[in-house]
Amino acid sequence: MLKIAMLSTGEEILHGDIVDTNAAWLSGQFFKYGFSLSKRSTVGDSMSALVEELMMLSFNCDIVVVNGGLGPTTDDMSAEAVAQAAGLDLELYSQWMDKLEKFFADRGMDMPESNRKQAMLPKGAVIIDNPIGTACGFSLSFNDCDFYFTPGVPSEFQLMVESQILPQLTERHSDIVGYDCSKLYTFGLSESYLSDTLDKIDMPEGYVLGYRSHLPYIEVKLFGPKGDIDNRVKFLKMIHSLIEANVVSVDESMEEYVAHLIVDRAQSISTAEQSTYGHLARWLNSSYEAAYYCEHGWVLGESIDVGDNNNDALAAILALAGATKEKCHTGIALATGKMREQTFSVAIATQEGEWGQTLTFNRSLTRDDQVTIITTVTADMLRRYFLGKDMFPNYGSLLRNKEIYVPREFIGDT
C-alpha cells in the first residue's frame with residue numbers, strides 16, 4: 001500500500017491565521033482516486049525545520065505533496081530546503097525564466113528581481129506548469145520518494161493537482177482503484193444513532209461507511225470502487241431505507257435540493273421571521289433559480305407580538321403564517337416565531353392547509369447555532385410539504401411540545 005503524505009508550509013497556516021483548505025481539498029480528491037493520505041503535517045518558515053521534515057518524509061513515504069513556499073519572498077523556502085535535503089544544487093531553469101519575463105512583459109511591467117528566485121530549482125527537478133501564476137511547481141525524487149511541490153494559492157494548486165499531478169499518479173500506479181462516494185445528508189439524528197443503525201450492515205469488500213458532522217447535518221458517506229454503480233446504488237438504497245425519515249437530501253446539499261423542489265413546484269413563497277432574523281430568507285434565496293419564487297420576506301423585531309394575546313405561541317405562529325400568505329398573495333408562507341426559554345414555534349401556510357409546531361432545544365447551543373437549526377426545521381417543513389411526507393418527524397436534538405394541522409376547509413377564504 002502506498003504511503004502518501006502532504007506537507008503544508010507557512011507561518012500563517014502553522015499559527016492559524018488562515019485555514020488550510022488546500023489540505024482538506026487534496027485529501028478528498030486523492031481519496032476519490034484511491035490515493036489515501038496516511039499523514040499530513042505543517043511546518044513554518046524555518047529552513048532547518050523544513051529540511052528535517054522533508055528528510056523524514058522521504059524515508060517514510062512513497063509520495064509527498066508539498067504545498068506552499070514557492071513565492072519570490074525570503075520566507076518562501078521550499079525549493080532551497082528540498083535541495084539541501086536531497087544534496088542538490090539550485091540552478092536557473094531558463095524555460096521558466098522565459099515564462100516569468102513574458103508574464104510581466106504582457107502586463108507592461110518590468111519583472112522584479114525577486115521573481116528570479118522562482119526559476120531557481122533543484123538540479124534534476126521536472127517542472128509542473130502553472131498556467132495562471134508565477135510560482136513554478138516541480139517534481140523531484142530522492143530516497144525512493146516522489147515529491148510534488150505546489151503553490152499555496154488554492155486556484156493554482158487545484159489546477160496543478162487536477163491537470164498534472166493526479167494524471168501522473170494514475171498512470172504510474174495503474175493498479176490503484178479509486179472510489180466513488182454517495183452522500184446522504186441527515187438532519188435530526190445523532191452520530192451514535194447512525195452508527196448503531198448502520199454499522200450492522202454487512203458491507204462487501206471495497207465498501208466503507210463514513211460520517212461527517214457539520215451542524216445542522218450529519219453526512220452518511222458510502223464509498224465504493226469507482227464504476228461499481230449497481231452495487232453502490234443497491235447499498236445506498238438499503239442505507240436510505242433505514243434512516244429515510246431524517247434524510248433531507250442525497251448527493252447534494254439540502255439547500256440545493258430544496259431549491260430544485262421550489263423551481264419544480266413553481267409556487268410563490270413568502271416568509272415572516274422572528275427567531276431566524278432573515279436567515280431563512282437568505283437560505284431560500286441562495287439559489288438564483290429558486291429566488292425567482294421567493295417574493296416577500298419580513299423580519300419582525302422582538303418587540304412585535306403577532307396574534308399572541310393569549311400567550312399561545314403555536315396559535316400565534318399559525319396566525320403569522322396565514323396572515324403572511326394572505327397579505328403577500330403567495331402560494332406558500334413560512335414563519336418562525338419568537339424563542340422563549342429555549343422554545344420556539346414554526347409554521348407553514350399553504351393552499352391545502354396550515355401546519356405548525358412548537359419545539360424545545362434539549363441542549364445548550366449558541367445563538368447562531370439555534371438560528372441555523374430553526375431555519376433548517378422550517379425549510380424541512382417546506383421540503384416535506386412538497387414531497388407529501390409526514391410534517392412532524394422526530395428530531396434528536398429537539399423535543400416537540402405541540403403540533404397542529406389545520407385543513408384548508410377550516411381556515412376560511414383568504
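This is a predicted model: local features need pLDDT of at least 70, side-chain atom pairs count only at pLDDT 80 or more; totals for chains, interfaces and linings use all residues.

Residues are numbered from 1 along each chain as its sequence is written, and side-chain values use heavy atoms, with hydrogens and water left out. Helices (H or I, at least four residues) and strands (E, at least two) are DSSP runs, numbered from the N terminus.

**The sheet with β1 and β3**

- Start with an open sheet of 6 strands with mixed pairing, ordered β2-β1-β3-β8-β7-β6; two strands pair if DSSP finds at least two bridges between them.
- At its edges sit β2 (39–43) and β6 (126–128), each pairing on one side only.
- On average, neighbouring strands here are turned by 20 degrees against each other, direction ignored.
- β1 and β2 run parallel and share 5 bridges, and Met 6 sits opposite Arg 40 in β2.
- β1 (residues 4–9) is also joined to β3 by 5 bridges, again in parallel, with Ser 8 facing Asn 67 in β3.
- On to β8 (residues 145–150), which pairs with β3 in the parallel sense over 5 bridges; here Val 64 stands opposite Phe 147.

**A closer look at β3**

- β3 (residues 63–67) is mostly covered, with 5 of its 5 residues buried; buried means under 20% relative accessible area, exposed means over 50%, and partly exposed is in between (1.4 Å probe, protein chains only).
- As a rule, side chains in a regular strand alternate between the two faces of the sheet.
- In β3, Ile 63, Val 65 and Asn 67 point one way, Val 64 and Val 66 point the other way, and all are buried.

**Helices against helices**

- The axes of α3 (residues 47–60) and α4 (residues 78–86) come within 9 Å and cross at roughly 55 degrees. Axes are lines fitted to C-alpha atoms, for helices over the stretch in contact, and angles run from 0 to 180 degrees between N-to-C directions.
- That angle makes α3 oblique to α4: under 35 degrees counts as roughly parallel, over 145 as roughly antiparallel, 65 to 115 as roughly perpendicular, and the rest as oblique.
- The crossing of α3 and α4 is right-handed, a label used if the near helix is turned clockwise from the far one by less than a right angle, with left-handed for anticlockwise.
- On the α3 side, the contact uses Met 47, Leu 50, Val 51, Leu 54 and Met 55, and on the α4 side Glu 80, Ala 81, Val 82, Gln 84 and Ala 85; contact means heavy atoms within 4.5 Å.
- Another pair is α2 (residues 21–32) and α6 (residues 154–172), with axes that come within 11 Å and cross at roughly 25 degrees.
- So α2 is roughly parallel to α6, and this crossing is right-handed.
- Among the residues that meet there are Trp 25 and Phe 30 in α2, and Phe 157 and Ile 165 in α6.

**Helices on sheets**

- α4 lies across β1, β3, β7 (137–142) and β8, at about 15 degrees to β7.

- β16 (residues 343–349) and β17 (residues 353–361) are antiparallel, with 7 bridges, and Ile 348 is opposite Trp 355.

- Most residues other than glycine have a negative phi, and most peptide bonds are trans.
- A cis peptide bond joins Leu 215 and Pro 216, with omega about 10 degrees; Pro 216 is in the loop between β10 (208–214) and β11 (217–225).
- His 329, in the loop between α12 and β15, has a positive phi of about 55 degrees and is exposed at 68% relative accessible area.
- Gln 342 also has a positive phi, about 70 degrees; this residue is in the loop between β15 and β16 and is partly exposed at 29%.
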